[in-house]
Amino acid sequence: MASSSGQKVVLITGCSSGIGLRIAVTLAKDEKKRYHVIATMRDLKKKDKLVDAAGDAYGKTLTLMPLDVCSDESVKQCISNVKDRHIDILINNAGVGLLGPVESISIEEMKRVFETNFFGVVRMIKEVMPDMKKRRSGHIVVMSSVMGLQGVVFNDVYTASKFAMEGFCESMAVQLMKFNIRLSMIEPGPVHTEFETKMMEDVAKMEYPGVDADTIRYFKDVYLPSSIDIFEAMGQTPEDIAKCTKKVIE
Ligand code: NDP
């Protein structure tokens with residue numbers, strides 16, 4: 001179902017960079033103007049890259065809103081701000097990575113990943129569901145990962161967060177189907193975004209107390225160089241994922 005303007009209202013999380021930014025711009029620049037994009041980010045000071053890329057679409061088919069998916073209050077505030085317009089499509093894109101031997105990662109860091117990648121999605125779905133159910137219409141898209149399907153060494157916690165989210169969404173899909181609400185998952189392999197850079201910056205600062213020498217050597221000398229090679233050789237662009245997302249919602 002489209003909004004009164006005839007455009008579908010699409011809310012996207014994590015639009016300050018990477019895949020979210022590119023999905024927002026691709027949909028806002030749709031040649032048939034089928035979408036009104038509410039591009040959200042937790043820090044609106046980071047809006048310039050998105051605004052530049054959106055060009056003329058900014059302020060017309062694309063508007064901005066603050067949203068931190070880790071905050072109950074922020075999620076409630078954002079969804080209540082757009083309630084009158086009704087969200088037709090929710091794209092849960094915001095996510096964080098975490099790489100390294102488990103012994104080097106604190107429980108607090110692990111919780112941050114689950115707060116974003118798992119509970120962030122749960123919060124969003126819980127908040128948009130009542131209106132979608134009432135209208136018996138809607139589409140929820142979740143940016144999972146190939147690591148939501150397959151465990152990958154040294155990505156233990158990230159993989160676990162995406163597996164948890166996949167399980168939640170697969171179960172929810174059955175419930176939502178009865179209300180004509182679709183739930184789709186996108187599972188990209190490596191994509192060239194700031195995601196990889198941010199993880200590598202964290203790895204550069206990593207300490208290895210209590211980690212055995214073999215694991216450290218395997219991580220630093222084997223895993224890291226080969227994962228960089230895989231990214232270089234196989235990495236898709238955010239544009240590839242944005243096009244795929246557009247196909248999924250069409
Ligand atoms: P980026 O790091 O470029 O983008 C991640 C986005 O999520 C940023 O806008 C970031 O905002 C936002 N974000 C992080 N935490 C929060 C939060 N608490 N509330 C709101 N927004 C938040 O990475 P990608 O574009 O690559 O990642 C997008 C999605 O794609 C993620 O879910 C990721 O797991 C998934 N993915 C990525 C792959 C890759 O290889 N790049 C492969 C497979 C899946 P901020 O700028 O404020 O940090």
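**Notebook: sheet, helices and ligand shell**

I began with Val-10, which stands opposite Val-37 in strand E2. Strand E1 (residues 8-12) and strand E2 (residues 35-41) run parallel and are joined by five bridges. For the names, helices (H or I, at least four residues) and strands (E, at least two) are DSSP runs numbered from the N terminus. Two strands pair if DSSP finds at least two bridges between them.

Before going on, I wrote down the basis. This is a predicted model, in which local features need pLDDT of at least 70 and side-chain atom pairs count only at pLDDT 80 or more, while totals for chains, interfaces and linings use all residues. Residues are numbered from 1 along each chain as its sequence is written.

**The sheet**

I looked up the strand order and found an open sheet of six strands, E3-E2-E1-E4-E5-E6, with parallel pairing. Strand E3 (62-66) and strand E6 (181-186) stand at the edges with a single partner strand each, so one side of each has no neighbour in the sheet. From one strand to the next the twist averages 20°. Helix H8 (residues 238-249) packs on this sheet and touches strand E4 (89-92), strand E5 (138-143) and E6. The direction of H8 makes about 160° with that of E6; axes are lines fitted to C-alpha atoms, for helices over the stretch in contact, and angles run from 0 to 180 degrees between N-to-C directions. Contact means that the C-beta atoms of two residues, placed from the backbone, lie within 7 Å.

**Buried or exposed**

I used one count here: a residue is buried if 20 or more other C-beta atoms lie within 10 Å of its own, exposed if 12 or fewer, and partly exposed in between, with C-beta atoms placed from the backbone. Seven of the seven residues of E2 are buried, so E2 is largely enclosed by the rest of the structure. Tyr-35, Val-37, Ala-39 and Met-41 point one way from E2, and His-36, Ile-38 and Thr-40 point the other way.

In E5 I picked Val-142. Val-142 is buried, with 25 other C-beta atoms within 10 Å. Beyond its neighbours within four places in sequence, Val-142 is in contact with Asn-92, Val-121, Met-165, Cys-169 and Met-185. From Val-142 to Ile-107 I noted 35 residues in sequence and 25 Å in space, C-alpha to C-alpha.

H1 is mostly covered, with 10 of its 11 residues buried. Among them are Gly-18, Ile-19 and Arg-22.

**Two loop residues**

Lys-33 is not a glycine, yet has a positive phi of about 50°. I found Lys-33 in the loop between H1 and E2, where it counts as partly exposed, with 14 C-beta neighbours inside 10 Å. Arg-136, also not a glycine, has a positive phi of about 50°. Arg-136 sits in the loop between H4 and E5 and counts as exposed, with 11 C-beta neighbours inside 10 Å.

**The ligand**

I then listed what surrounds the ligand: 30 residues, the closest being Gly-14, Gly-18, Ala-94, Gly-95 and Phe-195. A residue belongs here if its C-beta atom, placed from the backbone, lies within 6 Å of the molecule. Helix H1 (18-28), helix H4 (107-135) and helix H6 (194-204) each supply at least two residues of this shell.
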